[in-house]
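Open the structure in your viewer and keep the selection panel at hand. This is a short tour, one selection at a time.

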Amino acid sequence: MCDHHFRVSQQDHSIHTETLKPAQGSAIAKIVGANAAKYDKFDTTVNMWVFEEMVNGRKLTEIINTDHENVKYLPGHKLPPNVVAVPDLTEAAKGADILIFVVPHQFIVRVCDTIKDHIKKDAIGMSLIKGVDASPEGLKLISEVIRAKLGITMTVLMGANIANEVADEKFCETTIGCTDKAHGPMLKELMQTTNFRVTVVEESDVVEICGALKNIVAVGAGFCDGLGFGDNTKAAVIRLGLMEMIAFAKVFCTNCPVSPATFLESCGIADLITTCYGGRNRKIGEAFAKTGKTIEQLENELLNGQKLQGPATASEVHQVLTQKNMVAKFPLFTAVYEICFNGHPVTEFISCLQNHPEHL
């Protein structure tokens, strides 16, 4: 496969009301653009689909293509000139060998339906989407949804990668989950820089489930902050949350073995720690405990309407656990769900920790 140029297309749906940080797509585009220009095996031009909107009387795509900066969502960071913002989704994806998905998970079906007749059949997909899809048939990972819709090989990238820090080129790590050993080295070359170090593992499903579940734990960490507990309590939340993440993966990631080593990668414990000490899920969890306002009210007040991944994922996970009659085995996940959606007092979260089965 390395005998020809790989053309890269990125699906970066930049709307302020969506679940992912709008800056994430541009931060990754900065890396991909630089590496595509650097290595001969990649086509120089990187198409980036951007939802068109007006900023100070100018189209956002025009600003990006002229000034090489996403002034609304990642201001102060220059994008490589070979990153081309494209407002038409099908045009952005057409002819690409590598498709990178950085869109809110509730829009992924619409995106796939739009591009499915316009992409290469042997394209490789990479998902950065942190979420799951629950249905009457059970749990589906977002990469599975994309694979089913498009019929392409899928990989995932997850890690402790806060967008602004990635764009600032502050050192961090990430994890690529890739079951095909032939694709791993090429994708690592596309993504890795001096300050963005990549590890490739074969347990793609485990990598992806870590990216979704850690947001539930972070909401719980925020509850503890809002209730005035200290770092010892938060450390317990992280440990117990990690134990539930591992247990959940062992039950639901049946397509590959679940190795404890994967949870020691950036996608696991590192992303969990980062999310429990920073980020929106922790922030809203804290405000929820302090104010008594609903999650929706806090999203509107503090996040300009952006939606959290944590509560939504807790709801989807609870649906699947209920179907499997396994709710009691995941008390931390369950407590976050019950507090966010069923009016249970936030103080019950501490009781969940005190009586967790890991202590029996």
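Predicted model: local features only at pLDDT ≥ 70, side-chain atom pairs only at ≥ 80, totals over all residues.

**Stop 1: an aromatic pair.** The structure holds seven aromatic pairs. Select F223 and F349. Their ring centres lie 5.7 Å apart and their planes meet at 80 degrees, so this pair is edge-to-face; the cut-off for that class is over 60 degrees. Now colour the two helices. F223 sits in helix α8 (residues 204-226) and F349 in helix α15 (residues 348-354). The pair therefore links distant parts of the chain, 126 residues apart. Buried or exposed? F223 has 0% relative accessibility and counts as buried. F349, also at 0%, counts as buried.

Stop 2: Go to F330 and F333. These rings are stacked, 6.0 Å centre to centre with 10 degrees between the planes. Both F330 and F333 are buried.

**Stop 3: a helix contact.** Show helix α9 (residues 231-252) and helix α14 (residues 331-341). Their axes are 8 Å apart and the helices pack at about 105 degrees, which makes α9 roughly perpendicular to α14. Which residues of α9 and α14 make the contact? From α9, select V237, L240, G241, E244, M245 and F248. From α14, select P331, L332 and F333. By class, the contact of α9 with α14 has seven nonpolar, one polar and one charged residues.

**Stop 4: a charge over a ring.** Finish at Y277. K234 lies over the face of this ring, 4.2 Å from the ring centre.

Note on methods
Residues numbered from 1 in each chain as written. Heavy atoms only, no water. Phe/Tyr/Trp six-rings, centres within 6.5 Å; stacked < 30°, edge-to-face > 60°. Helix = DSSP H or I, 4+ residues; strand = E, 2+ residues; numbered from the N terminus. Buried < 20%, exposed > 50% of the residue type's maximum accessible area, 1.4 Å probe, protein only. Lys NZ or Arg CZ within 6 Å of the ring centre and 35° of its normal. Axes fitted to C-alpha atoms, helices over the stretch in contact; angles between N-to-C directions. Parallel < 35°, antiparallel > 145°, perpendicular 65-115°, else oblique. Contact = heavy atoms within 4.5 Å. Nonpolar A, V, L, I, M, F, W, Y, C, P; charged D, E, K, R; others polar.
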